[in-house]
Amino acid sequence: MKNTLLAFFFLFTFLSSQPLLGAAEASNEQVVDTLGKKLRADANYYIIPVPIYKCGPYGKCRSSGSSLALASNGKTCPLDVVVVDRYQALPLTFIPVNPKKGVIRVSTDLNIKFSSRATCLHHSMVWKLDRFNVSKRQWFITIGGVAGNPGWETINNWFKIEKYGDAYKLVFCPSVVQSFKHMCKDVGVFVDENGNKRLALSDVPLKVKFQQA
């Protein structure tokens, strides 16, 4: 009886010292927009590259005049995610791996989805990491991903937001499959021979802020 009680005591002590499932996620810092409001999964936002020169009283920011949208870059579909002039920008939403979490937090797996109507008939507006481009030697960000359904088949559809100085950066470092170690790299900009600024994995991250649409 004494041995049984002693074993139970050690088991209870061990379990008490372990973090609860979801506790690490709950402690992650909340991402905020240009107004200082929490990013929410049910709202639309523009991703605005920094530097931002001036933000007005309603969170509308004047920056280098750029944001994110889609471009063909010489191919049909799926389209690539690119940096464009501000007037061409497309709003998007963030979908956390746990759909019950209404607030977006740093270091949390999420899908990124353009909110506009699908440009390519047979491709969704969800971001994904494209196959390695041998000629450019780049991993480009494109569309055609799947929202939700975390697993091996959707591993290239998951991104994260990380704090980066006084702003944020996007990161490809999926942790939705715990037993699988995937590459981790920042999302930056690759300028091709035609001057297109295509989002791609990079050693130099694209510094961004989020403005509610």
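The model is predicted, with local features requiring pLDDT of at least 70 and side-chain atom pairs pLDDT 80 or more, while totals for chains, interfaces and linings use all residues. Residues are numbered from 1 along each chain as its sequence is written, and side-chain values rest on heavy atoms, without hydrogens and water.

A pair of aromatic rings is described by the distance of the centres and the angle of the planes. Rings of Phe, Tyr and Trp (its six-membered ring) pair if their centres lie within 6.5 Å; planes under 30 degrees apart are stacked, those over 60 edge-to-face, and the rest tilted. Eight aromatic pairs are present in the structure. One of them joins Phe132 and Trp139 in a tilted arrangement, 5.2 Å centre to centre with 55 degrees between the planes. Phe132 counts as partly exposed because its relative accessibility is 33%, and Trp139 is likewise partly exposed, at 29%; the class lies between buried (under 20% relative accessible area) and exposed (over 50%), using a 1.4 Å probe and protein chains only.

Tyr168 and Phe210 form another tilted pair, with 5.6 Å between centres and 45 degrees between planes. This pair links distant parts of the chain, 42 residues apart: Tyr168 belongs to strand E11 (residues 167-172) and Phe210 to strand E14 (residues 207-212). Strands (E) are DSSP runs of at least two residues, numbered from the N terminus. Both Tyr168 and Phe210 are buried, and together with Tyr45 and Phe94 they form one aromatic cluster.

Tyr168 also has a charged neighbour: the charged end of Lys163 sits over its ring, 4.6 Å from the centre. The criterion is that NZ of Lys or CZ of Arg is within 6 Å of the ring centre and within 35 degrees of the ring normal.

Notes: Helices (H or I, at least four residues) and strands (E, at least two) are DSSP runs, numbered from the N terminus.
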